[in-house]
Number of protein chains: 2
Amino acid sequence: MALNTGKILRVNLTSGKVNTETVPEKIAADFIGGRGYGIRYLYEELTPGIDPLGDKNKLLMLNGPLAGTMAQAVSRWMTCTRSPLTGAFARSVCGADFGAWMKFAGYEIIIIEGKADRPVYIHLTTEGCRILDAGEIWGKDTKETQGWLTQNHGKNTRTACIGPAGENLVKYAAVVSDRRTAGRCGTGAVMGSKNLKAVAITAQRKIQLADPEAYDKLAREQVATIRDNPGFLNHKEWGTTSTQDVTNAIGIYPVRNFRYGQLTDYEKIAGEEYRKLRVGDMGCYSCPARCGKVHTVKSGTYAGAHSEGPEYESIWAFTGPIESSSIEASIAADQLCDDLGLDTISTGGSIGFAYELYEKGLLKKSDTDGLELIYGKHEPMVALIKKIAHREGIGNLLAEGTMRAAASMDKGAELYAIHVKGMELPAYEPRGAKSQGYNYATASIGASHCYGYAAQDIFGSPEPHPTDRFSEENADVVIYNQDNTAWHECGVACAFSGGWGWMDLFGKMVAAARGIDKYTDNAYLAKVGERMFNLERAFNVREGFNRKQDTLPKRLLTEPLHTRKAPGEGQIVSHQDEFLDKYYRLRGWTKDGIPAPEKLKALGLDFALKDITKSRK
Amino acid sequence: MALNTGKILRVNLTSGKVNTETVPEKIAADFIGGRGYGIRYLYEELTPGIDPLGDKNKLLMLNGPLAGTMAQAVSRWMTCTRSPLTGAFARSVCGADFGAWMKFAGYEIIIIEGKADRPVYIHLTTEGCRILDAGEIWGKDTKETQGWLTQNHGKNTRTACIGPAGENLVKYAAVVSDRRTAGRCGTGAVMGSKNLKAVAITAQRKIQLADPEAYDKLAREQVATIRDNPGFLNHKEWGTTSTQDVTNAIGIYPVRNFRYGQLTDYEKIAGEEYRKLRVGDMGCYSCPARCGKVHTVKSGTYAGAHSEGPEYESIWAFTGPIESSSIEASIAADQLCDDLGLDTISTGGSIGFAYELYEKGLLKKSDTDGLELIYGKHEPMVALIKKIAHREGIGNLLAEGTMRAAASMDKGAELYAIHVKGMELPAYEPRGAKSQGYNYATASIGASHCYGYAAQDIFGSPEPHPTDRFSEENADVVIYNQDNTAWHECGVACAFSGGWGWMDLFGKMVAAARGIDKYTDNAYLAKVGERMFNLERAFNVREGFNRKQDTLPKRLLTEPLHTRKAPGEGQIVSHQDEFLDKYYRLRGWTKDGIPAPEKLKALGLDFALKDITKSRK
């Protein structure tokens, strides 16, 4: 069985030099791939204290050992770098086809170093790698950019690129591939700081596996296992477009910048409402879940808005923070973020921060370019998204994220900056899901919902043990979730697929892909997860982080959470007479509720006429 | 293609005479089968004004044209009679195998007339029908009764029987088959009034179909359609044991005798909590959903309690009315009702009524045999169930149902009797789901949730058009639901299967089963539904019903509904320091959150030691 540890493509944008390397067996054994490789190489190669947006920072793109194969939910990929938003380790996971295409081109890691002296893009094929001029696409949005690259390099091309937000070094700019994004941590800004507009790969399917026969058998077993799994089928049906039904119900849907746990008008944004605007679905390479639900707005202010998504986090980002219940605005905002290359969570969080500052008088109409940031009004939110991406007016302040924006303002603003380590909080209220909250506080990258998702708090998952979601005792559960997530992300396995019943096959699959047997031991995988998490922590410690930054925002530690009464409060049945009049009329019955003779005849019930006539007197 | 309209077994318990008849083609064409046959024959054969518990009433048992076949979710059966609880038309649907066994024995209708002069049971085989002495099982619970009958007649025997509640003419006694019940309307009391303990059928699979080849093809198509349907898979996974997650969230889970729409301690009875006690599942004949989830209580007061169910309505019946959040008590209560032969909904409703009378001082401890009916206390509820079934003490009053019990008391009690036409309300609060409420008000049998289930209000179903659940304008939706339900119940199709994507096959399937082509027209089916509903109305009109009884209880027309704040209200993250101490300790990190050298070494991260040591000073 041939060893297959994965190849590295190293591109230096300062020198223009390109070379390839092979991952040593020891690193493969200890770190498996994906995020494991990400932290391992970043730790080794990055000088502590460098400017995340300077030429000394490096941007890594990583798929995993299983990418591009017929197995499901394992072709995801990620960016790793030092985050300009947090200063800490950054990893940002993305979907679509790009991870598979990296594999087809022969690579598991692309390390981008230095800084180009003009806008460029990287074009990679199985023939080689070129650094090309991006003058024609610099300034273009991500859709136009990808279209241009496909037109120039053919339909077998897949792309990861940035939009105007990345070019303008917005601290939470995203990297976009198809309509999926590596959203969090501002890795798009790192790409922009290198004058790198895109990485385009033109390739056809080609896979390297240590033991193709064994792998094939395992992959078939994986596919068969997933096919009928209820979690998979539910995810296929809904994606995450109905998660708000759960989180709002239990009071952990953050509203008005984390003051309330429920949206008053929740029903207007229920999963079923999004479904009404659904026009299709999209998925990642070799995954039949196709969980990216596509929505189109048919009428009104946002008519024509069209987005893959919003998924749950983005549904929240464009409703909760400003207490809007406009599905249409959320679709338009989501589309804008994908086009402009912005992380939706930090965008929504920064806007929610601005709305509260406006409410408290810390921002005035003269500060907001005339926008009235009043809860429920979504037009200013949509305007702010554009301003942020282009760093126009108030957008220039908000493009720094809430931590830096607050620090640059009056002291009172700090309470309203809802972040951990500079990264804005996602759509789960920590006061109502405390293990999830403590994951935010301790995750290597800042407030990430998926760095150790506390499904125990939110969906009652039983492993390693059930939690009381208000308890602050479950450090063991937080650690279990974080370490598990770490080794899953060596895959790079989709986070959702963790609940589809196949994770017991994972170790065997990576063993067959790599030719490294020890992965088949589950205790070993857990150790890899712990190793990764510890090395990330060491990375952060080296950058100056310690206990002090492991903290939830002050609001959550000092202000009680408020929930809302259910929408039915105060309801009464008040028009029974009118209802019965209408019901009887539609039934063809008299005002007394007796079927009229004509109705009985029309239904062939003539034999009942005599009884009815009697009752009518 | 041979006509196959179904056969009737007529058993007169007064005379002991038994004969068989064939359903005429005209009736088959107009009413299809199942509930259609039920109302058609009952209308023709019952004299208006007779005593529902007298010998002039008749009890019909009906399966449908598809029962016993390989098709799914179509072997359900029902009882039809004049209800002793409401005085109106009664139909009560049941599951398990009995419907298929009726077909194997050759029948679609069993009409039971007259009254035996001593306890008897009917034993039916393909050889014939005998009326046998039931002296040995009279007084026994339904489990013992069924066990005795199986022992006496062999394992190919299936039974429908009553428990002590039916014998004691409790107005809402059920007919029980296996662990499923024809619960509502008190049809078990009618059976008891005839001194009929059970109907037992010993038979082996044998089906009559007009066009077996065509039917077989359609049934295969039906099975294939259902297999991957998400609604089916979700139902298979959960049954109805998680419906409270939805209804409580939107504030329509009736609490404290319909004063609140939410349970304070809801999380303790969430679907996931029931799942923890799940030990298996059971299903109806030829249905792979197996939606009857079986629960066992492992410890505490109710240790050993074991029940198929509770399903949603019973979960509610033994939590909401008395505001208990004890899953264990609900399982014990559900088991008792199945054993004693009681409708869980009316039992829970009557007990909730008693608790409120106790709160208001209209019932005193001296009236309740010393029981303290205080909200949250579930032991008295369990005690009351036994008293009701045996008509002991306060149980004798509650065995009459809330309408009659209130009428026999001080005038003030009437406000607390929550019923329509004498039948207690199920687990959907009408003030928060008004089309569902108006279905209660107008359904032929009284307050039934499934006589025209308003999935539009509850789950946002889009047909015939979406509803605002607080609107009282949707008479058309109520009618659509009621008429649809009516023709589905000719099947007898399972109510849940309506959402499994196969209903377009229904007409073709019954056409192939009967040899009657006109069923294939969907407009025709709708007309059958309307015809049935109108004939039921004519039946009720003949018994004196009119607009006056089409009313929701006074409370819902006069008192505003109250909801509750979500459980997270007032929560704060208050122990962050303690959490971090524990987290770091479990991680093997220092108090400052720095990985300890031993930990790094244990993980093979020696290369990171120097950076860490520097940070630790």
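Which residues form one aromatic cluster with A:Y438? Select A:Y451, A:F533, B:F579, B:Y583, B:Y584 and B:W589: together with A:Y438 they make up that cluster. Rings of Phe, Tyr and Trp (its six-membered ring) pair if their centres lie within 6.5 Å; planes under 30 degrees apart are stacked, over 60 edge-to-face, and the rest tilted.

This is a predicted model, in which local features need pLDDT of at least 70 and side-chain atom pairs pLDDT 80 or more, while totals for chains, interfaces and linings use all residues. Residues are numbered from 1 along each chain as its sequence is written, chains are lettered from A and ligands numbered from 1 in the order written, and side-chain values use heavy atoms, without hydrogens and water.

**Aromatic pairs**

Over all chains, the search finds 44 aromatic pairs. Show A:Y428 and A:Y453. Their pair is edge-to-face, with 5.3 Å centre to centre and 85 degrees between the planes. The two lie 25 residues apart and link distant parts of the chain. A:Y428 is in the loop between β17 (423-424) and α17 (434-442) of chain A; A:Y453 is in the loop between α17 and α18 (455-459) of chain A. Helices (H or I, at least four residues) and strands (E, at least two) are DSSP runs, numbered from the N terminus.

Now colour by accessibility. Buried means under 20% relative accessible area, exposed over 50%, partly exposed in between (1.4 Å probe, protein chains only). A:Y428 has 4% relative accessibility, so it counts as buried. A:Y453, at 24%, counts as partly exposed.

**Charges over rings**

Select A:R278 and A:W238. The charged end of A:R278 sits over the ring of A:W238, 5.8 Å from its centre. Then go to chain B: the charged end of B:R564 sits over the ring of B:Y260, 3.7 Å from its centre. The test wants NZ of Lys or CZ of Arg within 6 Å of the ring centre and within 35 degrees of the ring normal.

Select residues 212-227 of chain A, helix α7. Its buried residues are A:Y215, A:L218, A:A219, A:Q222, A:V223 and A:I226.

Note on methods. The expected span of a helix is 1.5 Å times one less than its number of residues.
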